[in-house]
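Please read it with the structure open beside you.

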Amino acid sequence: VLYTNNPVILTAPNAATITNVASADPTDCNVIDGSITVSAIGGVAPLQYSIDGGATWQQNGGNYTNLAGGTYSIAVRNGNTGSCVVTGQTIVLEDKVAPVIASVASTNITDCGVTDGTITITASSTQGAVEFSINGGGTWSQTGTFIGLTAGTYNVSVRNIDGSCVVTD
C-alpha cells in the first residue's frame, strides 16, 4: 500500500529577533528604580522574556522595572513551547555611589563684628565631581571652601555632581 500523504513535510518553529534593549540605571543611592525594556519581533507569540539568562521567564512583555544595579543577561523564546531561545546582550545597570567626606575644617570668627569665618570641606566620589553645601542642601557650590562666614550653625552636605546621593557630616 502506498503512503498517500507523500511527500512528508517537517516544519520548524521560527525564532524571535531581539530588535532593541533599552535600559536606565537606578537614579540615586539605595534606590531600586532601574529598568530594562526588551523589544522583539517574530517567533511564536506570545513571546517570553528573561533578564537572568533564562533562569526565569515572563510572558507579559519585555518590561522590567524596580531593578537594582547589577548584570542582566537578556533572552527571548517562543511562548507556546519555550523553543528557539535567542540570547541577547548583557546589560549592566550601575548603582549610584555616595561621595565620601574626608574632612571638614573650620576657623572661627576673629573679632566682634567681623565676618571672616571659614569652612573647608574635602570630599570625593567615584562617580566624578561633587558639590558642597553648608546650609543643609539649600544651595550648592562646586567648591568646598566657604569664606566670609558669620557666627552660626552650618549643616555640611555633599552630593554627586548629578545631584544624587546626598551625604551629611
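**Notes on the model**

1. Asn66 is found in strand S4, which covers residues 63-67. The model is a predicted one, and the backbone at this residue deserves a look, since Asn66 has a positive phi of about 55 degrees although it is not a glycine. With a relative accessibility of 55%, Asn66 counts as exposed.

2. A positive phi also occurs at Cys165, where the angle is about 60 degrees although the residue is not a glycine. Cys165 is found in the loop between S11 and S12, and its relative accessibility of 3% makes it count as buried. Among the residues that Asn160 touches, leaving out those up to four places away in sequence, is Cys165.

3. Asn160 itself is placed in strand S11, residues 157-160, and at 1% relative accessibility it counts as buried. Beyond residues up to four places away in sequence, Asn160 touches Val97, Pro99, Ser125, Gln127, Ala129, Val130 and Glu131, as well as Cys165.

4. How many salt bridges does a search of the whole structure find? The search finds two, and one of them joins the side chains of Asp162 and Lys96, with an N to O distance of 2.4 Å. Asp162 lies in the loop between S11 and strand S12 (167-168) and Lys96 in the loop between strand S6 (86-93) and S7, so this pair ties together parts that are 66 residues apart in sequence. Both ends count as partly exposed, Asp162 at 47% relative accessibility and Lys96 at 22%.

5. Arg159 forms a salt bridge with Glu131, and the closest N and O atoms of this pair are 2.6 Å apart. Because Arg159 lies in strand S11 and Glu131 in strand S9 (residues 130-133), the pair ties together parts that are 28 residues apart in sequence. Are these two residues, Arg159 and Glu131, buried or exposed? Both of them are buried, and Glu131 is also one of the residues touched by Asn160.

6. Three strands form an open sheet in the order S7-S8-S10, and their pairing is antiparallel. The edge strands, each of which pairs on one side only, are strand S7 (100-107) and strand S10 (145-149), and from one strand to the next the twist averages 10 degrees. Strand S8, residues 117-124, pairs with S10 in the antiparallel sense over three bridges; for Ile119, the bridge partner in S10 is Phe146.

7. The peptide bond that joins Ala45 and Pro46 is cis, with omega about -5 degrees. Pro46 has its place in the loop between S2 and strand S3 (48-50).

8. Thr37 is found in strand S2, residues 34-42, and is partly exposed, with a relative accessible area of 30%. The C-alpha atoms of Thr37 and Arg77, which are 40 residues apart along the chain, are separated by 15 Å.

Key
Residues are numbered from 1 along each chain as its sequence is written. This is a predicted model: local features need pLDDT of at least 70, side-chain atom pairs count only at pLDDT 80 or more; totals for chains, interfaces and linings use all residues. Side-chain values use heavy atoms; hydrogens and water are left out. Helices (H or I, at least four residues) and strands (E, at least two) are DSSP runs, numbered from the N terminus. Buried means under 20% relative accessible area, exposed over 50%, partly exposed in between (1.4 Å probe, protein chains only). Contact means heavy atoms within 4.5 Å. Two strands pair if DSSP finds at least two bridges between them. Axes are lines fitted to C-alpha atoms, for helices over the stretch in contact, and angles run from 0 to 180 degrees between N-to-C directions. A salt bridge is a side-chain nitrogen of Lys or Arg within 4 Å of a carboxyl oxygen of Asp or Glu.
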